Amino acid sequence: MKTLGLIGAGHIGSQVARLAVAHGYNVVISNSRGPETLTALVKELGPPARAATPVEAAKAGDLVVVSVPLKNYRDVPVEPLAGKIVIDTNNYYPQRDGHIPELDNESTTTAELLQAHLPKSKVVKAFNHIYAAELTTHGQPTGTPNRRALAIAGDDPSAKAVVAKLLDAFGFDTVDAGPLKEGWRIQRDTPGYGPRRTASELKKDLAAAKRYRDM
Ligand SMILES: NC(=O)c1ccc[n+]([C@@H]2O[C@H](COP(=O)([O-])OP(=O)(O)OC[C@H]3O[C@@H](n4cnc5c(N)ncnc54)[C@H](OP(=O)(O)O)[C@@H]3O)[C@@H](O)[C@H]2O)c1
């Protein structure tokens, strides 16, 4: 895996791009307004980076990160992502995203919505519960005591293994929250959402998480 495609280059997308470049990957970044609006970020990232359209970023990425406001997930190109691992960083904020009935009634989860939109891709939920700024400041080498852990969820074990390896390279332990349908355990307002946690702490938080209807 050499190239990360990024669909969304805001707070989280730009930080994942910085981490990727710092760890030897090429990145192809995209947003909604067009590559010409990403000139400053490309300049900062240097030669391993280029800006493109979302379709081009989806085509170019060996692995692709979707980091757009959730309300826009249906804009993510489908065919170029067939067969690929897609990391979903997204969270649901009704005040930003508008109300999505199947999330309000908790019959599905954010990453399951993206998976349904991308039926031929392997969606892995990751990076959704860490503040963007901390992505480039909280990482530590493998084996560091009390290293920060990040949760992942996904239905494809091999895809999760690839993402766990990427997270390790970026400086974080991984806790597997289970299949995508368990991704709610690390959604907004759950204990693990936001604070720095080691793997053992994060496991406890995932176990203690409550559905909104039970809060
Ligand atoms: N901020 C955080 O600390 C944080 C942490 C974890 C997870 N998250 C989640 O990650 C997601 C992104 O958050 P963010 O804070 O990075 O948002 P953001 O700063 O607003 O950036 C959103 C990015 O998505 C792009 N975008 C919007 N609509 C698009 C579309 N239809 N096609 C392609 N690109 C599109 C935007 O491009 P334009 O500017 O050109 O529109 C922008 O580059 C959200 O779901 C958020 O809840 C955020």
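**A tour of pockets, core and strands**

Select the lining of the largest pocket: by class, nine residues are nonpolar, nine are polar and one is charged. (Nonpolar means Ala, Val, Leu, Ile, Met, Phe, Trp, Tyr, Cys and Pro; charged means Asp, Glu, Lys and Arg; the others, Gly among them, are polar.) The model is predicted, with local features needing pLDDT of at least 70 and side-chain atom pairs pLDDT 80 or more, while totals for chains, interfaces and linings use all residues. Residues are numbered from 1 along each chain as its sequence is written, and side-chain values use heavy atoms, leaving out hydrogens and water.

**Stop 1: the pockets**

Stay with the largest pocket, which holds about 450 Å³ of space. Its lining has 19 residues, and those closest to the centre are His11, Ile12, Thr89, Asn91 and Arg96. (On a 1 Å grid over the protein atoms alone, a pocket is an open set of points with protein on both sides within 12 Å along at least five of seven lines; a cavity is a set where a 1.4 Å probe fits but cannot get out; lining residues have an atom within 4 Å of a point. Points are joined across faces, edges and corners, and volume is the space filled by probe spheres set on them.)

Next, select Gly8, Asn31, Ser32, Val68 and Asn72. They lie nearest the centre of the second largest pocket, which is lined by 15 residues. The volume here is about 290 Å³, and the lining divides into seven nonpolar, six polar and two charged residues.

**Stop 2**

**Stop 3: helix H6**

Thr110 also belongs to helix H6, residues 110–117, where six of the eight residues are buried, so the helix is largely enclosed by the rest of the structure. (Buried is under 20% relative accessible area, exposed over 50%, partly exposed in between, with a 1.4 Å probe and protein chains only; helices, H or I of at least four residues, and strands, E of at least two, are DSSP runs numbered from the N terminus.) Colour the buried ones: Thr110, Ala111, Leu113, Leu114, Gln115 and His117. They pack against E4, E5, helix H5 (101–104) and E6, with contact meaning heavy atoms within 4.5 Å.

**Stop 4: the strands**

Select strand E5, residues 85–88. Ile85 and Ile87 on one side, and Val86 and Asp88 on the other, are all buried. E5 runs parallel to strand E4 (residues 63–66), joined by four bridges, and Val64 stands opposite Val86. (Strands pair if DSSP finds at least two bridges between them.) With strand E6 (residues 122–125), E5 also pairs in the parallel sense over four bridges. There, Ile87 has Val124 as its bridge partner, and Asp88 has Lys125. Follow E6 on to strand E7 (residues 149–154), an antiparallel pairing over two bridges in which Val124 stands opposite Gly154.

**Stop 5: the nonpolar core**

Finally, show Leu4, Val16, Val27, Ile29, Phe127 and Phe170, which touch the most other members of the largest nonpolar core, a set of 34 residues. Helix H1, residues 11–22, gives the most to this core, with six residues. (A nonpolar core is a set of buried Ala, Val, Leu, Ile, Met, Phe, Trp, Tyr and Cys residues joined through side-chain atoms within 4.5 Å.)
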